Structures are given as C-alpha cells and as structure tokens.
Amino acid sequence: MTMRADEGTLSPEEAIRLISAVAKGRDRAAFAALFGFYAPRLKAFMMRSGMTASAAEDVAQETMLLVWKKASYFDPRRAGVSTWIFTIARNVRIDRLRRESRPATVARAFDPSDEVDGPVSGEAAVMTAEREERVRSAIALLSSEQAQILRLSFFGDKPQSEIAGELGIPLGTVKSRVRLALGRLRLILDDLK
Amino acid sequence: MMKHHPSDETLFRFASGSLESGPRIVVAVHVGGCTACAARISEFEAVGGALLNGIEPEEMGEDALDRLMARIEVDSDSGGEAAQRSRPTRADVGIRLPEALDGCGIGPWRWIGPGVRWSRVTIPEDASANVMLLKVAAGRRLPEHTHSGCEYTQVLKGSFYDARGRYGPGDLDEADDEIQHQPVVDETGECICLAALEGRMRLRGFFGRLVQPFIGG
C-alpha cells in the first residue's frame, strides 16, 4: 500500500485531540492520523534542508517514533502540536548531523529536559495558541521576498552562500536581508500582541 | 538587571537548529534565565511549526507506517532502550553552575596567565565543541583581541566592561569578527564567564588563540 502524500489539513485543536489520545490511550488510529499528516511534511522539511530523500525519511520515522513515545510530555501550554513536532525533528536532525560528523560520539536519546522551559501559567495554553496564531499571521504579513528568505534560512544548515546562489544575490545581501526580515517579523509580532 | 541579549539572528538559529553546539549551550544558559529570550525562541519555534504545517508534503515510502508500528511493538516489548549515559567528571569551580550545563563535563581551573584561569567544558554529545569557563581577577584588563568567528560569552558571576558597555550576571555578549575589544573586569570582584567560539577550529589553535592574548599581552 502506498501512503497518500497529502492528508489534507489538520486543525490545531484536532492535532491536540489526537496527541492526547496517543498519550492517554496509546491510540493507534490517532497515531496513524498524525503520521499521515506529519510524516510526509517532516520528510519534505528535511529534504528542503538539504537531506537526501532516504535520510529525510529516516528523520521523519525517527521523529514520529519519538512522538509516539513522548506523547505524554506534550504540553499545550508550551507549544502547538506542529511546533512541538518541529522541535523534536530539529533535535533528531542535530543528533544525526553530529553522529555523521563524529562517528565516535555516543548517540543521545531525546530528552524532553533539553527543551527550553518557558514560564507556565494557568492561561498559558490560551497564550500559546494565541502566539502560534500570531506567528502564522505575521508570516503571512511579510513580503513574499522576506517570507522566502526566512523560509530558506530556516531550513537548517543550508549555507548562506547557497541561498545567495539560489536567489542570485551577493552573500552580504543575504545576511542583511535575513536581518531585515527578522526585524520586520519582530515588529509585526510585537504589534500583534 | 539584564541588559545584553543574543541577537534575533542567533535566537532564530537556535530555534531552527543551525547554531553549533558550543554557542548553542551558551545561549541555552542565557535563555534559562531570561524569559524575554525564551519567549522569542518560542515564537521562532512556532515559525518552524508553521512552516512544517504549510510545506508541500513528500510521499513517504511504502509501508512506512507499518514499519514504524513494528518498531513500536519491539520497543514496548523491551520496555524501550535505556540510554546509558556515563556521568561526566565535574570539577568544583566554586560557583553553582546553571542547569543547562548539567550534562556537561567540567574541568578543573587551569592557570593561563596572571589573574586568568580557564576550565574546559565538555558537551557529551559533541566532544569537539569549543566551550570553556573563564575566571578573571578583579580589575584585570584583557589585551585587545579579535576573533575569526562569533564569540558568545555569558556572564555567570561578576562583571566586565568594554567600549560597548557593561556586562553583568545573566548578560550575553555576542561579539562578531568585526568587533575589536578590550574587556576590563570590574574592581568589585572576579568575573566568571561561559564562553564559546563559533567555528570548528582545532583545539590547539583555539586555546592558543585564547591564551595568546593573555600571555603575550
């Protein structure tokens, strides 16, 4: 059976419901739904950051395995599901790159304590949902050029020289554009508060 | 009162995962004590979440889910693999170190020049990262120096100042290769910092560079 690449959309609320079902009931159907949505996107994300298709698929699998194992650590007061899964994938990728560059070092198991602890309050879940919404709106408000440079620099290790080549602009220009795009993002984010 | 923070670019690279392990741990120490930067990182991580959500998906291989479910079965049978981590050696450096350094090895203080000592910090999953603690005596002036990559310095105790301002506990100084500075430790007491240099320089070269200004100055 071939997986369908695009499982359409998944609302933030539905994603939270699915994660809780995995956490509380070890619900395999809920996990399959999460897998259907996130695995192909994780694979695409990793390919965009310069991985081969097979390495990207490995990272997607590894990440989803950790989503299964760590579902009970998911805390809607700290991050939305997509953001949480992104941070897991990011850490899997960092570990993988370290292993590749230094085969002698010991592999590290994902440890939720690695995550930066933000302040957590009773209203934090609402605030988190608002923050995620704010970030989505802010990205939409960036110019297409700024959104593009942000996207390109977000997809991990792609050197800025490569981005420069892709956009046909000098390296120094990439640096200042990233700076400008982040400055604008900051303004929009603070404005939306 | 904290006055100096990592730049947005650095926090962005922290969030996206492209910051090297040395600078990463220095920034993690700063963020552990700075709610403003923690909030900024959460926002940048949410950018990652939004990008993940909106990306054009790539088809996974055949039976990818079945293979993963098979792994899950094996894992739950064996109760999951317990990662064996040997406890790193930690010398007592005289101050309570921030939590972000909990898994790191801490070397003993070593003399590298009048009034200056350093201790090697080892990140278990990346032994080649260039991270160190620096302890500089009160009133000590460090010779002017530049560096080839960005230098990240988090103040843990005491304070120093240079032409750009004063750096106290909790402050993070991000000095890129264009900055020429000559930090001076305040008279009120010794200053202990956590520092990392960007770039994969050879150990000898790295410490050579750091030691050189102290000895040669």
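1. Nonpolar core. The largest nonpolar core holds 99 residues, and Leu34(A) and Ile85(A) have the most contacts inside it. Helix α2 of chain A (residues 28-48) gives the most to this core: eleven residues. Leaving aside residues up to four places away in sequence, Leu34(A) touches Leu18(A), Val22(A) and Val67(A). In soluble globular proteins, nonpolar side chains tend to be buried together. Keep in mind that this is a predicted model.

2. Helix α8 of chain A, length. This helix covers residues 171-192. Its 22 residues, at 1.5 Å a residue, should span 32 Å. The end C-alpha atoms lie 32 Å apart, so expectation and model agree.

3. Helix α8 of chain A, buried side. Val174(A), Arg177(A), Val178(A), Ala181(A), Leu182(A), Leu185(A) and Leu189(A) are the buried residues of α8(A). They cover an arc of only 135 degrees around the axis, which means that they sit on the same side of α8(A). An α-helix has 3.6 residues a turn, so residues three or four places apart point the same way. The cover over the buried residues of α8(A) comes from both chains. From chain A it includes α5 (124-141), α6 (144-154) and α7 (160-167). From chain B it includes α1 (8-16) and α3 (35-54).

4. Helix α8 of chain A, the other face. Turned away from the buried side are the exposed residues Gly172(A), Ser176(A), Leu187(A), Asp190(A) and Asp191(A).

5. Contact between chains A and B. Chain A brings 55 residues to the contact and chain B brings 43 residues. On the side of chain A that touches chain B, the elements giving two or more residues are α2, α3 (53-70), α4 (81-101), α5, α6 and α8. The largest share of that side is ten residues, from α4(A). By type, the residues of that side divide into 28 nonpolar, nine polar and 18 charged.

6. Strand β8 of chain B. Both faces of this strand (residues 172-175) are covered. Leu172(B) and Glu174(B) are buried on one side, Asp173(B) and Ala175(B) on the other. β8(B) pairs with strand β5 of chain B (residues 151-157) in the antiparallel sense, over four bridges. Opposite Glu174(B) in β8(B) stands Tyr152(B).

7. Helix α2 of chain B. Eleven of its twelve residues are buried, so α2(B) is largely enclosed by the rest of the structure. Among them are Arg24(B), Ile25(B), His30(B) and Val31(B).

Notes: Residues numbered from 1 in each chain as written. Chains lettered and ligands numbered in written order. Predicted model: local features only at pLDDT ≥ 70, side-chain atom pairs only at ≥ 80, totals over all residues. Core = buried A, V, L, I, M, F, W, Y, C linked by C-beta atoms within 7 Å. Buried ≥ 20, exposed ≤ 12 C-beta atoms within 10 Å, placed from the backbone. Contact = placed C-beta atoms within 7 Å. Expected span 1.5 Å × (residues − 1). Arc of directions from axis to C-beta. Nonpolar A, V, L, I, M, F, W, Y, C, P; charged D, E, K, R; others polar. Pairing = 2+ DSSP bridges.
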